[in-house]
Structure formats: C-alpha cells, structure tokens
Amino acid sequence: MIYLQLFLTFFEIGLFTFGGGYAMIALIREKTLAFGWLAESELLNMVAVAESTPGPIAVNMATFVGSAQGGILGSLLATLGVVLPSFLIILLISALIRNFLKYKGVKAFLGGVRPCVVALILATAMTMLLRILLGITTLRGGFAPDVRALILFGILVSVAFVFKKVRKKKPSPLAMILLSAGLGMFLYSI
C-alpha cells in the first residue's frame, strides 16, 4: 500500500537523518530513486522548487513526493512521516534539556554527527552540480554540459559577487531566486 510505504519511508528519513533538511536530501534522493517514485531529473526539479518555496526543504520535498505518489493523502502522510521523528525527539529533549548537554557522551555524539552532516550536504551539492551543470551522472558517464545552466550559474555568481563588492553585503535570497527564475525562463525559452 503506497500510503503506508510513503509514511514509513519518510518516517525513516526523518528518524535517521541529522542536520536538517539539506542533510535529508541525500536520503530522500536514495529512497525516491530506489522506489522508482521519481526520475533523477524530476528529483532535481523538486529540489529546486522545494528550495525556492517557503518552509523547510525536507518538508516541502516530502509533500511533493507524497503528492506525486498518493495525492493529498500521500502528501499528508509523507509530511507527517518526515516531521514526526523530529517532533518527538525535540519534545523529549525539551523535557530533559537542562541536564542533557552536560554529558560528555552527548557532546561526543553531536561532535561526531556534525562532520557527517557537512559531508552529506557537500556530497549532495556536488552530485547536483555535476548532474545539472556538467551532465555527469556516473564516473564512466559522458560529459554533456548544459550551456544554459552554466551561463545562468555564471550570471548568478557574478551578480552575487558584484552585489557584495558594491553593497558590502550578500544579495537577498528572494531576489536571487526571482532573478534565476526570470533568467531561466528567458534562457530556456530560446
């Protein structure tokens, strides 16, 4: 039954992924591709949409995948599955917070988890970079760069660099998302 599978899969993702939504992308990718729920290109599009819409990226992706597989009920169950473990853990931690962080074991656990989270985020970012910009899907796969994506990426990096030099601060993420959407509509329509 797809509904139970969606709930259990996203419950597992929520339970075993530390470090927030970006760290969950790698496991969401693995599970959705393994179950055949999404193709690689669909997943990359969902990451882009989930990143540019309000709310946590993992919750947005769970909602999108659930909706694609099981409609409204599927989206509700996948979303509930991904947030329930965190909710229960935070509920437990909040009851014990005063005494929780003083233990060396807890500090050691968190110290060990942090590098893993960074590695997961970097690995996912590199996979997406290689796939989207350079068209590399496997080590033996061919090299098929997307010229429009490279141009778009170059423009966005340049705008961010110039903005930071002129204004002495980073550009607004919303402005960059809107700029990239406009440039994408222009570049991919020609």
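Of the 190 residues of the protein, 27% count as buried, where buried means under 20% relative accessible area, exposed over 50% and partly exposed in between (1.4 Å probe, protein chains only). The model is predicted: local features need pLDDT of at least 70, side-chain atom pairs count only at pLDDT 80 or more, and totals for chains, interfaces and linings use all residues. Residues are numbered from 1 along each chain as its sequence is written, and side-chain values use heavy atoms, with hydrogens and water left out.

**Overall architecture**

- The protein has seven helices and zero strands; helices (H or I, at least four residues) and strands (E, at least two) are DSSP runs, numbered from the N terminus.
- Taken along the principal axes, the box filled by the C-alpha atoms is roughly 55 × 45 × 35 Å.
- Among contacts (heavy atoms within 4.5 Å) between residues at least 6 apart in sequence, 52% join residues at least 24 apart.

**Nonpolar cores**

- A nonpolar core is a set of buried Ala, Val, Leu, Ile, Met, Phe, Trp, Tyr and Cys residues joined through side-chain atoms within 4.5 Å.
- The largest nonpolar core holds 20 residues, of which Phe 10, Ile 13, Ile 28, Met 61 and Val 65 touch the most other members.
- Two or more residues of this core come from each of helix 1 (2-16), helix 2, helix 3 (40-52) and helix 4 (57-100), and helix 4 gives the most, with seven residues.
- Not counting residues up to four places away in sequence, Met 61 touches Ile 25, Ile 28, Leu 43, Met 46, Val 47 and Ala 50.
- In soluble globular proteins, nonpolar side chains tend to be buried together.

**Thr 32 in helix 2**

- Thr 32 is located in helix 2 (residues 21-34) and is buried, its relative accessible area being 1%.
- The backbone oxygen of Ile 28 is reached by the side chain of Thr 32 at 2.8 Å.
- When neighbours within four places in sequence are left aside, Thr 32 is in contact with Trp 37, Leu 38, Leu 43 and Val 65.

**Aromatic pairs**

- The structure holds three aromatic pairs; rings of Phe, Tyr and Trp (its six-membered ring) pair if their centres lie within 6.5 Å, and planes under 30 degrees apart count as stacked, over 60 as edge-to-face and the rest as tilted.
- Phe 35 and Trp 37 form a stacked pair, with 4.7 Å centre to centre and 20° between the planes.
- Phe 35 is partly exposed at 37% relative accessibility, whereas Trp 37 is buried at 7%.
- Phe 10, Phe 35 and Trp 37 are linked into a cluster by ring pairs.

**Helix 5 and helix 6**

- Helix 5 (residues 104-134) and helix 6 pack at an angle of about 120°, with their axes 7 Å apart; axes are lines fitted to C-alpha atoms, for helices over the stretch in contact, and angles run from 0 to 180 degrees between N-to-C directions.
- Helix 5 and helix 6 are therefore oblique to each other, since angles under 35 degrees count as roughly parallel, over 145 as roughly antiparallel, 65 to 115 as roughly perpendicular and the rest as oblique.
- Ile 132, Leu 133 and Leu 134 of helix 5 make the contact with Ala 149, Leu 150 and Phe 153 of helix 6.
- Ala 149 lies in helix 6 (residues 147-167) and counts as buried at 7% relative accessibility.
- Leaving aside neighbours within four places in sequence, Ala 149 is in contact with Ile 132, Leu 133 and Tyr 188.

Methods: A polar contact is a pair of N or O atoms within 3.5 Å; within protein, one must be able to donate a hydrogen and the other to accept it, and residues adjacent in sequence count only if both atoms are side-chain atoms.
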